[in-house]
Amino acid sequence: MIWYERDQRCIPAHHQPACLIDLALSRGIEQHRLMRGTGLFYDDVLAGQTRISPEHFLRLLQNAEHLLSAPDTSFLLGQRLLPGHYGAASLALSHAANLQEALDLLVRHRASLSPLFAPRLVHDEQYLCLYWIDSCGAGTTRRFMAETCQTTVAAMCRWLSGEHLPWHFLFSHAQPSYLEQYQAHLGNQLHFNAQIDAMIIAREYLIKPWPRAQSTAGRIAQRDALTEQASQAMEQGFLEHIYALLQADARQPASLESLAVQLGISPSTLKRKLHKHGTHFQAVYDQVRKHVALYLYWSRGLTNEEVADYLGFHDTTNFRRAFKRWTGCVPSILKPLA
Amino acid sequence: MLSYWKFHRLKLLSIITCAHAGLLSYLLAGALKPLDEFVILDILGEGGSAMMAFIWICLILKSRPAGRVTTLLTAGLGCVFFSLWMDFLDEFMQLPEALHWDHWLESTPMPIGLLLLTIGLYHWHREQLGLNQQMRKRERLFREHLHFDTLTPLSSADYLKRQIELERKRYLETQQTFSLIVVDMNDFAVLNRVHGHAEGDRVLQAVSQLLIMNLRQHDLLCRLAGDRFVALLPNTGTFLAQTLAQELERAVRHFAYKSQSHGETLTLSITAAVCIAGDESAEQVLERLQSALAQAKQDTLRRAA
């Protein structure tokens, strides 16, 4: 598995960045102001060969947010991003037979379909949850990214399924002053301060056939997308890669050193890389254990003692203290959604 | 960004030429004062005033289309600037006692400039009254340009919330309820995908104009978010609000919008919902309005099925 880092030129400028540029230009923003600090020129985008780093893409997003200075920028961008024009993965997505297939494709090809914020899937008997991991260190752009990504998936599903799917939207940030934008673009099932950026839907919608799918074309596109992915040899961002490694061994205690061994790099290199992405080991590790604990509470309905035991805490008091540190609240006030 | 610079090159050029001519005539006729005769306070005061006058000229030229009012304001401010500029140069240069034109150049442009500026401001005031007439139904008694919507010629949700709070205050004084209509376009996302986002933007602009034309003089229309609009109807009951909402729905259904790319007619439709409000915060009112709209949307879907 090869990961990409924040300063690696891995995002084709004519993919997602071009959607953002089109949106900004259509609102009368000047090219040079939009692309300030990104090392990008419009002619490069048109040439279709340039790649930019996640860092520069994030800068472009910040510039657009600042210059457009309207609360609907993230939602408008979200409506344009998927299924997109990002090669075979986009084609496969637009021929997805149902929601299940679309989400599987989205997760498998997340490096090309959603390079900055990685979608991940988890489900139980009743619900499916698509949650997002910041894979390149979004920093202050985090809320913007969460709005964009969730709008992207909701708008794509609406377009491909031909109906309004009853998603629940969870956001880790507090309710913003422009709630009406969320309501107009996403709907009324909104939950803020939810500890996680996620969207949840009942499983019955997973296998309902979608009208636009063409099965043969879709299968060929899926095969091509896998070939393309193999040739690019990049599956996930650095932070998501670490998240996945830690999550797989969530029951075992982990440390910076053990993680460095797993990655095959020295602890000081790992520390430097984490710092470059605007975070540190404890923050990522806490996030992983918080997500696991929430899943166990919400989906499996485990008790405090069981969750503490699962995560390797020796007593519940310790666990409660840790949980308070991760989330800012005690476990008992987190009620399941349904 | 709409900018009017290119219509005003000549005006700007002539002001700069005049300033240069003044400088040249001083340089030709006089000599530089010795350093110990410079008065820092005067230099800063007069130089700063001249700079301010020039900034005003730039702001006016950047924001106004060419026309009588613009010409008057620029000419007036140009004279003021010239007078202050000569005053400023005077601080550095010593002219022979026998010369008098320097005094004339300092003093005459100022009263002429102020006179022109006054005439310009009077006509600007008349122009503003005309514009206010055009802005009716888009704002009520209060203007805040930070609350303008970026796409349509309407005000944004923030402005609406403020107006709802004002109506609430009025309700507490007079017990007169007010109503709101929320309007949401049907299948707007599909229109965006099929005809492109630029066409979607144009549809929103056209629909906002259409909705305005179907409201009464004292109603206010704002763009809430995306394809969602809210009309605030002061002193209006539910029955009348519902009638108005139905009229809006009918107006949009009969609207033959032509796409810009191929000129074909796009069929548009909206779903409208109303709610009556009195002593509630803007958030509560909008919350109720959103649930009323969700209900109305479901009813529409059920009827279609």
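Colleague: Buried means under 20% relative accessible area, exposed over 50%, and partly exposed in between, with a 1.4 Å probe and protein chains only. Does B:Phe88 count as buried or exposed?

Modeller: B:Phe88 counts as buried, because its relative accessibility is 17%. This is a predicted model, in which local features need pLDDT of at least 70 and side-chain atom pairs count only at pLDDT 80 or more, while totals for chains, interfaces and linings use all residues. Residues are numbered from 1 along each chain as its sequence is written, chains are lettered from A and ligands numbered from 1 in the order in which they are written, and side-chain values use heavy atoms, without hydrogens and water.

Colleague: Which aromatic cluster does B:Phe88 belong to?

Modeller: One cluster is formed by B:Phe38, B:Phe54, B:Phe81, B:Trp85, B:Phe88 and B:Phe92. Rings of Phe, Tyr and Trp (its six-membered ring) pair if their centres lie within 6.5 Å; planes under 30 degrees apart count as stacked, over 60 as edge-to-face and the rest as tilted.

Colleague: How many aromatic pairs are there over all chains?

Modeller: The count is 21. In one of them, A:Phe171 and A:Phe192 are stacked, at 5.7 Å centre to centre and 20° between the planes.

Colleague: Which parts does that pair tie together?

Modeller: A:Phe171 is in the loop between strand E6 (168-170) and helix H10 (179-185) of chain A, and A:Phe192 in the loop between strand E7 (190-191) and strand E8 (198-202), so the pair links parts 21 residues apart in sequence. Helices (H or I, at least four residues) and strands (E, at least two) are DSSP runs, numbered from the N terminus. Both A:Phe171 and A:Phe192 are buried.

Colleague: Why is the pair of B:Trp85 and B:Phe88 called tilted?

Modeller: The ring centres of B:Trp85 and B:Phe88 are 5.9 Å apart and the planes stand at 35°, so the pair is tilted. Both residues lie in helix H3 (residues 68-90) of chain B, three residues apart, about one turn of the helix.

Colleague: Turning to sheets, what is the strand order in the open sheet of chain B?

Modeller: The order of the four strands is E4-E5-E3-E8, with antiparallel pairing. Two strands pair if DSSP finds at least two bridges between them.

Colleague: Why do E4 and E8 of chain B each have one side without a neighbour?

Modeller: Strand E4 (220-225) and strand E8 (270-277) of chain B stand at the edges with a single partner strand each, so one side of each lacks a neighbour in the sheet.

Colleague: How many bridges join E3 of chain B to E8(B)?

Modeller: Eight bridges join strand E3 (residues 178-185) to E8(B), and the two run antiparallel. B:Ile181 stands opposite B:Val274 in E8(B).
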